[in-house]
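Here's a quick tour of the cavities and helix contacts in this one. Have a look at the sequence and the model first, then read on.

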Amino acid sequence: MNDKNIVQAFETSEFRTRLDKARALMSKAGMDALVVSSQADQVYLLGYEFHAYSPQGVLVTLDDDPYFILRKMDADTAADAGCWLPQERVVGYAESCITGSSGEGAWEAIGRFVKDKVGASARIGVEVSALSMVDYPKLVGALGVQEPLDASDLVATCALVKSERELFYMREAAMITDRALVAGMDKIAVGTRHCEAAAAIMSVLCAGAEGIPGGPPPWLPHIRGGRFSNAPHQPWMDDVFAAGEQYFLELSAARHRHSAPVTRMAHLGPATARRKNQHEGGLAGLQAAVDTMRPGATCGDVARAYDAAIRPYGLTRPSRIGYSIGVDSISGASLAPNNDTEILANMTFHLQSAFYERGERYMLSDTVRVTENGAELMSAIPHTFVERPA
């Protein structure tokens, strides 16, 4: 794959292409430097597939390779663990910044390093949305700027269109996701504990499928139904599957942090006419969205097509119907009526058809890739209306 180490998932040339995209947007926004604080964006730019427990920052300038600033115990091995930068560009801050014994915290150390490199007069962009209310003033104070430029969406914009290698990993993730979903669905039965379905799912996500290695998922599987169905982003509960209820499983595998989520539902016992109507309308909306999702359309066009398709079923959409996906989970533009982002070939979206009210929720979702001529689903799981014996 490369001449540096065996764990780098992409060629160094691809990382440099991503860096060039970021620099072009920086220049357009009047930035001399950019501090990347989002873990997903750091993975995208550097290839270091970490789950950080301490602050980390990437310094990007217009005319030189980036610097990666992180805790020393991690910095010592980052260049040998997937990060494409040479070791001299990986900077470790002291352990005392974590323990507080030096009087300088990690974000102050990162900000001070950036200021020393780019100077006090540099126009600095910061990923504001990736910082907490506690961390933001620490970083900005150390940078010595009154108000940095907000660069929250800059790297995410670069990541909207996927490379062939990224699509390859997403297809692999989709294959694992499908197998994990089937394993979880097979556990949905009256009296079975939710944790048994979760264990079946996690086993496949970790082990992989068809010779493809598994790994940590981008989030814990969501298993919801019954009176707790309105908690869509919660994992499984200390509960059992009950007769007369419907349940959804939403999950994703990840290959080199690239996701391919999917959601399917199962009914324990005969479904009501209302639930069948939700499925028919949800499927019609999803199909209309896929049919509209092609180069030249906008995210808003897709959302409006979905709305038009579900209206005859007496259904309305409570939120956006999806978002751009790539590294980790949400990554960029939303599929919402007011979003005029142009859709291009090789964009990927998590497309969600969902309706909910108190004590009731319907969910159906797929990962969709835009092609030159339209769009295709990455999952091979059919959209069958599943009714299990109660």
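## Cavities

The structure has two cavities of 30 Å³ or more. A cavity here is a set of points on a 1 Å grid over the protein atoms alone where a 1.4 Å probe fits but cannot get out, and lining residues have an atom within 4 Å of a point. This is a predicted model, so local features need pLDDT of at least 70 and side-chain atom pairs pLDDT 80 or more, while totals for chains, interfaces and linings use all residues. Residues are numbered from 1 along each chain as its sequence is written, and side-chain values use heavy atoms, with hydrogens and water left out.

The largest cavity holds about 60 Å³ of space. It is lined by 13 residues, and F10, F15, V43, G47 and E49 sit closest to its centre. Helix 1 (12-28) and helix 2 (39-46) are the elements that each give two or more residues to this lining. Sorted by class, that lining comes out as six nonpolar, five polar and two charged residues.

The second largest cavity has a volume of about 30 Å³. Its lining is A174, T177, D178, A260, P261, V262, T367, M378 and S379, and helix 8 supplies the largest share, three residues.

## Helix 1 and helix 2

Back to the two helices at the largest cavity. The axes of helix 1 and helix 2 come within 7 Å and cross at roughly 125°. That makes the pair oblique (under 35 degrees is roughly parallel, over 145 roughly antiparallel, 65 to 115 roughly perpendicular, the rest oblique).

On the helix 1 side the contact (heavy atoms within 4.5 Å) uses F15, R18, L19 and K21, and helix 2 brings V43, Y44, L45 and L46. By class, this contact has six nonpolar, no polar and two charged residues.

## Helix 8 and helix 9

Helix 8 (residues 164-185) and helix 9 (residues 194-207) have axes that come within 8 Å and cross at roughly 160°. That makes helix 8 roughly antiparallel to helix 9.

Which residues of helix 8 and helix 9 meet? From helix 8 they are I176, R179, A180, A183 and G184, and from helix 9 A197, A200, I201, V204 and L205. The contact divides into eight nonpolar, one polar and one charged (Ala, Val, Leu, Ile, Met, Phe, Trp, Tyr, Cys and Pro count as nonpolar, Asp, Glu, Lys and Arg as charged, and the others, Gly among them, as polar).

Definitions and conventions. Axes are lines fitted to C-alpha atoms, for helices over the stretch in contact, and angles run from 0 to 180 degrees between N-to-C directions. Helices (H or I, at least four residues) and strands (E, at least two) are DSSP runs, numbered from the N terminus. On a 1 Å grid over the protein atoms alone, a cavity is a set of points where a 1.4 Å probe fits but cannot get out, and a pocket is an open set with protein on both sides within 12 Å along at least five of seven lines; lining residues have an atom within 4 Å of a point. Grid points are joined across faces, edges and corners, and a volume is the space filled by probe spheres set on the points.
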